Amino acid sequence: MNKRKIMDQLFEQKVVILFVILCVLTIIASKQPLTFVANELFTRIARNSFLVLALIIPVLAGMGLNFGIVIGAMAAQIAVFLTTHWGFVGIGGFLLTALLATPMAVFFGFLVGKLFNKAKGSEMICGLVLGYFADGLYQLLFLFIFGGVIPINNPKLMIATGVGVKNTIDLKDTIKYSLDTVPMLTIVEIGFYIVVAAIVLSALIKLIQKQPVNWKKSLISLVVAGAVYAVTFIPAVESFLAADRLLLLWAVELWIAIVLVWQIAKFLWLKVIRKEDVNVKRTLAICVAAVLVYAITYIPAVYEILIYVRLPVMTYLCIAGLCLFNTVLMRTRLGQNMRTVGQSRVVANAAGINVDRTRITAMIFSTVLASWGQLIFLQNVGTFSTYGAHTQVGQFAIAALLVGGASVQKATNKQAILGVVLFHTLFIVAPLAGKELFGNAMIGEYFRVFVSYGVIALALAMHAWKKVAKVGPSTEFAPASAGALGGGSSASAASGGTAG
Amino acid sequence: MNNRKASDKGGMTLERSYVLKMDNISKEYSGNRVLKGVSLQVRPGEIHALMGENGAGKSTLMNILFGMPVIHSTGGFEGTIEVDGQPVKIDTPVKAMELGIGMVHQEFMLIPGFTVTENIKIGRELSHPNLVSRLVGKSMEILDRAAMKKDAQAALDTIGLKLSPSQKVGGLPVGYMQFVEIAREIDKTGIKLLVFDEPTAVLTESEAARLLETMKVIASRGIAIIFITHRLDEVMEVADSLTVLRDGEFVARREIAETSVVEIAELMIGRKVEKLVEDQGEDTRVLSDDNIAVSLRNYVVHMPGELVKGVDLDIRKGEIFGIGGLAGQGKLGIPNGIMGLYTASGEVRVNGELLDLSRLGEALHHKVAFVSEDRRGVGLLLDESIEKNIVFSAMQVNNDFFHKYGWIRLHNGSATRRHAEEMVKKLDIRCTGIRQMAGRLSGGNQQKVCLARALTLNPEILFVSEPTRGIDIGAKKLVLEYLVKLNREQGMTVIVVSSELAELRSVCDRIAIVSDGRLASILKPDDSDADFGLAMSGGLKQGGGQRAG
Amino acid sequence: MRDNAKVLVRQVGLPRIIIAGFFLLLLVAAGGFQMDLLQLCSDFLRRWGMYGVLVLAMVPAVQCGIGLNFGISMGIVGGLLGGLIVVEFRLANIPALVAVHPLLAQWVGILIAILIGVVLAAGIGWLYALLLNRVKGSEMTVTTYVGFSIIAFMNILWTILPFQSGELIYPNAGQGLRNTISLADSYSGVMNNTFAITIGSLTIPTGLLLFFFLMCLLVWLFMRSKTGEAMSAAGANPNFARANGINVNRMRLVGTILSTVLAAVGILVYAQGFGFMQLYNGPMMMGFTSVAAVLIGGASPRKARISHVLIGTFLFQSIMALALPVANQFIPESNLSEVMRLIISNGIIIYALTQTGGGDRE
């Protein structure tokens with residue numbers, strides 16, 4: 001029985017397993033040192049994860065893989081162009097860009113949501129075509145309206161004629177690495193202020209709404225926050241935190257420490273103070289696993305990687321934050337409504353949920369997150385290819401999500417991250433492997449493109465297949481409705497034939 | 001009856017304490033009156049059965065009660081509704097919900113991927129406020145799963161269902177799903193009236209029995225129940241009173257204690273005075289039990305919603321045979337299975353030849369034609385011309401209407417036109433011309449096109465399913481008369497499948513009543529109303545003895 | 001009066017009116033700029049014939065019920081392979097035939113290419129149809145990505161296929177087939193030049209148009225045959241078709257194969273008119289262009305006629321032909337016409353999707 005269960009599990013994860021094997025093989029074939037692959041990989045995780053995570057909400061809301069995130073990316077790019085033109089730099093410039101991109105993305109997301117509500121059931125193809133359509137409008141804006149209609153006098157950004165934006169915009173002196181290089185000290189500081197503000201605000205609102213305020217709890221929170229902040233004034237800690245990147249080794253060690261402390265604290269809290277039943281085995285297993293992971297760091301090959309790779313802290317925090325956001329959102333009323341709508345629009349409607357509005361909200365969330373994701377991507381890459389940066393965004397993000405084991409109807413944070421890791425590993429090593437194996441890097445290049453298209457085609461086909469199987473053979477077709485476009489045309493086939 | 005007492009109590013305080021009083025309700029859909037001055041009164045804590053044939057107006061009445069958009073987008077209705085003695089205006093489903101009126105749907109409004117708790121609390125989740133929700137709004141509140149689970153458990157306990165609230169609904173047996181639906185309605189605060197729309201239709205016998213028990217429990221807590229059903233035995237078992245509708249008209253309101261099964265059956269069927277078909281002169285047909293056109297043995301059809309669960313039947317050559325019964329009982333499955341539209345098994349013989357049911361078009365090649373009940377879905381190519389619709393089957397089955405050039409067959413336009421013109425004239429199809437799109441025709445004319453298509457095949461046996469559904473009285477008469485004419489003049493065996501008993505009784509030689517996927521009995525058109533009523537309501541099973549043979 | 005206008009708008013369709021209006025506007029603008037209208041007309045006709053067969057591939061696909069076939073790239077790669085083989089073996093330059101007439105040799109070449117393409121496309125189309133029969137209801141989404149995938153897959157093949165001819169592979173020990181392959185030495189313009197009539201600056205590519213019309217005629221005849229009628233019924237109403245004893249899946253198979261085969265023929269017609277074969281990502285968006293053209297002509301995802309192909313291809317390609325010179329008058333050397341192609345072709349597809357894909361069918 002148990003064996004069969006394991007086999008079932010493996011079968012469920014077939015896509016993931018296939019890609020793990022593929023990745024391992026291509027890494028071996030590429031003959032690249034692991035440190036190189038790991039370093040590249042962690043850069044790409046930082047760059048791309050946010051975009052992939054932005055896809056999860058629409059999947060849960062039943063709108064499938066959101067090919068419309070391209071439009072969020074465009075919002076970000078318009079904002080980047082404007083702030084670059086205005087000359088804002090550094091993290092301030094980055095935040096301003098995000099601030100500028102957000103309302104645009106909200107508006108675009110709203111429009112996309114409206115459109116998708118008109119094409120229920122064909123959101124994916126509609127989103128894909130919409131991406132191309134929006135690309136046309138985007139090019140119109142950047143090639144002709146900027147400079148042509150709106151005068152922009154900036155020889156650095158505009159092509160010589162003054163009409164149209166250059167092919168690439170260098171972000172080196174503006175927002176390159178602006179997010180990646182936020183020092184940890186600043187992060188802690190900002191975190192402290194946010195916590196304080198939240199506590200005060202919460203108390204204030206409760207006072208205004210005449211609800212009881214738990215002063216003791218607020219005070220304790222404040223003190224704890226203050227204490228953490230105070231720790232950063234210890235010189236040793238301060239100098240450690242002054243860096244903006246974290247050595248992977250330290251990140252792992254820190255993580256293990258946190259896991260251990262958390263597990264033990266939880267265990268003690270439940271067992272000793274609340275006197276509840278605790279799953280001792282589970283706690284123990286997690287602790288042992290943590291220690292084992294720590295042991296692994298002593299293996300030379302692993303150690304080499306760990307002291308080679310440096311993580312941009314703020315970017316990774318943003319990604320973690322989005323994972324948390326996705327999780328928490330699904331526990332709210334709104335999230336529950338989205339899930340309901342995603343499972344069955346009919347039931348949701350009967351339960352008094354405004355289906356169309358929920359779907360639009362999901363699209364707005366996704367589009368805004370995608371615009372932020374594209375910003376993170378651009379600040380890390382450092383050059384902004386005006387007409388190319390967005391074109392493959394949806395394609396690659398969706399492929400990554402699917403490689404992680406997600407489907408058209410189900411996606412989790414874990415699948416997104418795993419997908420990014422696998423997909424981008426393949427992306428890094430495939431051309432190199434192609435060169436090693438066939439003496440032609442292009443083959444690897446084409447192979448990875450094929451993989452990204454193929455995996456999407458496969459996922460879509462499997463989804464459609466399942467849908468047909470569920471509905472059953474006899475009712476697979478909705479009754480033919482009179483075609484709105486074709487029904488009225490009076491020219492018959494006969495007239496076409498006589499012409500020939 | 002253990003809740004007789006409740007109804008007695010209701011009787012004492014009769015005047016002031018109707019929980020629901022619908023008075024003189026009328027409703028018109030684009031000139032077609034579907035409800036004519038119907039009244040309905042329900043007392044608190046009583047189970048009130050609402051009965052009637054298909055199309056009697058039950059669902060329209062319930063749609064009005066729930067303020068469904070379909071009512072208000074078509075001009076509203078006439079009459080008054082009182083809840084707890086207060087006149088109310090129910091214009092949206094939300095309003096109905098607020099007034100404490102709930103519905104247990106026939107199709108489950110459940111999400112398989114959700115837990116029982118989530119399904120019970122759907123759209124009405126409990127949640128904690130937090131900082132963000134205080135700023136942005138209630139939708140950002142975090143769900144309080146523990147409290148939700150507690151509520152769900154309480155609702156499940158109320159109806160006595162032993163089920164873990166954290167179980168996924170997807171894996172539950174069908175019978176349990178119904179109970180989850182009920183638990184959801186019970187969980188709504190201030191629920192006063194629950195409508196059960198044919199709740200036992202999808203249940204097994206033991207599940208149905210449990211459901212009825214549960215209904216009594218709910219009623220004993222003071223919640224009134226409107227019980228829509230066809231099954232007389234169930235009504236006799238649980239209901240306190242009943243209202244019968246027929247053709248959109250109020251027929252009677254009775255206390256169960258003061259009525260009998262036979263009386264209810266008669267009330268439901270009623271005697272129709274209209275004569276649908278003029279006498280067609282002398283009947284010179286010779287019908288013989290030795291000359292069988294269609295014979296079914298152990299015949300099973302998997303048509304969703306119209307399952308046929310094993311029918312043995314012989315239809316004589318040259319007769320007009322009727323198949324009747326209520327919707328969902330399986331009568332429609334019989335012709336659909338023979339035509340190969342749904343998977344069927346068993347033995348089907350046409351003129352003695354065995355049909356291979358797995359082969360598409362097998363029946364067509366045995367000179368059997370079919371006019372489907374689903375005109376728009378199965379019967380017609382809506383975007384094609386009338387002429388194309390008329391000749392299509394004959395082209396595909398008999399290779400008619402083609403020019404032949406070597407091995408190539410090309411559509412013969414002029415022959416098509418001639419034939420279509422003739423059919424239009426013969427059947428009096430009202431159209432702007434034979435090139436008109438079939439989708440633009442009225443229901444009656446569409447039906448005539450379907451009939452014309454079937455006749456173009458030159459069939460020996462014709463199945464006509466719901467020949468008069470949704471068409472006006474003039475067309476109805478013409479269609480039925482034409483069927484009789486075909487039968488008398490060409491000796492065609494005609495099998496009419498219909499929900500309208502009156503029309504079966506006016507044209508058929510014999511009528512088989514199908515109930516619960518099986519043959520209930522075969523009756524003569526002039527058998528009594530009570531016989532028909534009982535056969536249709538599954539109250540009396542006598543199929544075996546009366547099988548034609 | 002206003003009612004009449006409304007009826008007209010409904011019958012012709014708003015997008016078609018807008019696009020036809022746009023076409024006229026461009027035409028007037030072109031006239032205003034003193035452009036050579038006759039030469040533009042030659043351009044219209046040339047493009048009409050070149051793209052026509054590719055657009056024609058939509059008709060059997062839509063009629064058999066798989067909807068707009070974004071995946072005609074399946075057939076296109078078959079046609080390209082046929083074309084490559086002819087160039088590789090110099091089948092368009094068989095000396096004996098060249099001696100009779102160079103055009104004859106070229107015709108033999110392209111007909112062999114078409115034959116090979118048709119055979120390959122029929123095989124691919126058959127597999128493709130088997131897939132589509134399993135994904136009923138979501139064909140468009142699936143075909144789009146399957147179409148993309150085959151292009152990506154062929155990219156790999158183009159690099160490793162063992163072609164030898166210098167015209168085909170990259171020079172200087174480069175690997176794989178060239179991106180763009182010139183047909184100047186094989187069958188470039190064979191159809192365009194056959195019976196071409198030149199009146200002043202107006203050139204009528206008679207051979208090309210005749211071939212296009214012949215294809216239309218063949219499809220039209222097929223649609224009137226027993227199988228064709230059955231196929232249309234299976235697409236329009238599968239339940240109706242089944243009630244008449246028609247095997248819906250088989251009809252979809254026929255339609256899909258026919259569509260794929262027409263795409264193979266179409267790409268060769270296109271290539272000979274263009275003078276080049278584009279490999280790699282060249283044909284990636286051909287499906288979109290063809291879908292847009294047939295939609296502009298008045299088709300819907302449920303119904304497409306040959307008249308839609310004729311009207312749609314003419315309108316769409318004429319706009320494309322006009323847009324470039326007219327846009328250049330405003331902004332020299334711009335690719336405004338490419339931007340316009342993106343907006344028009346994708347705009348019309350979205351419009352069509354919201355018209356029929358809408359409605360809550362769950």
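I take axes as lines fitted to C-alpha atoms, for helices over the stretch in contact, with angles running from 0 to 180 degrees between N-to-C directions. Helices (H or I, at least four residues) and strands (E, at least two) are DSSP runs numbered from the N terminus.

I note that this is a predicted model, in which local features need pLDDT of at least 70 and side-chain atom pairs count only at pLDDT 80 or more, while totals for chains, interfaces and linings use all residues. Residues are numbered from 1 along each chain as its sequence is written, and chains are lettered from A and ligands numbered from 1 in the order in which they are written.

**Chain C, helix pairs**

I looked up helix H3 (residues 37-56) of chain C against helix H14 (residues 286-296) of chain C, and found that their axes come within 9 Å and cross at roughly 90°. H3(C) and H14(C) are therefore roughly perpendicular to each other (angles of 65 to 115 degrees count so, under 35 as roughly parallel, over 145 as roughly antiparallel and the rest as oblique). On the side of H3(C) the contact is made by Tyr51(C), Leu54(C) and Val55(C), and on the side of H14(C) by Met286(C), Ser290(C), Ala293(C) and Val294(C); two residues are in contact if their C-beta atoms, placed from the backbone, lie within 7 Å.

I then turned to helix H10 (residues 206-224) and helix H11 (residues 226-236) of chain C, whose axes come within 4 Å and cross at roughly 80°. That makes H10(C) roughly perpendicular to H11(C). Here Phe222(C), Met223(C) and Arg224(C) of H10(C) meet Gly228(C), Glu229(C) and Ser232(C) of H11(C), and the contact has two nonpolar, two polar and two charged residues.

**Chain B, sheet and hairpin**

I traced an open sheet of six strands in chain B, with the order S18-S21-S22-S15-S23-S24 and mixed pairing; two strands pair if DSSP finds at least two bridges between them. Strand S18 (368-371) and strand S24 (518-523) of chain B stand at the edges with a single partner strand each, so one side of each is left without a neighbour in the sheet. Neighbouring strands are turned by 20° against each other on average, direction ignored.

Within this chain, strand S21 (residues 461-465) and strand S22 (residues 493-497) of chain B run parallel and are joined by five bridges, with Leu462(B) opposite Val494(B) in S22(B). Helix H17 (residues 443-456) of chain B packs on the sheet and touches S18 and S21 of chain B, its direction making about 175° with that of S18(B).

I also checked strand S19 (residues 402-405) and strand S20 (residues 408-411) of chain B, which pair in the antiparallel sense over four bridges. Tyr405(B) stands opposite Ile408(B) in S20(B), and in this hairpin, which has two residues between the strands, Gly406(B) takes a positive phi near 60°.

**Chain A, helix H5**

Just after H5(A), Gly87(A) takes a positive phi of about 85°.

Definitions and conventions. Nonpolar A, V, L, I, M, F, W, Y, C, P; charged D, E, K, R; others polar.
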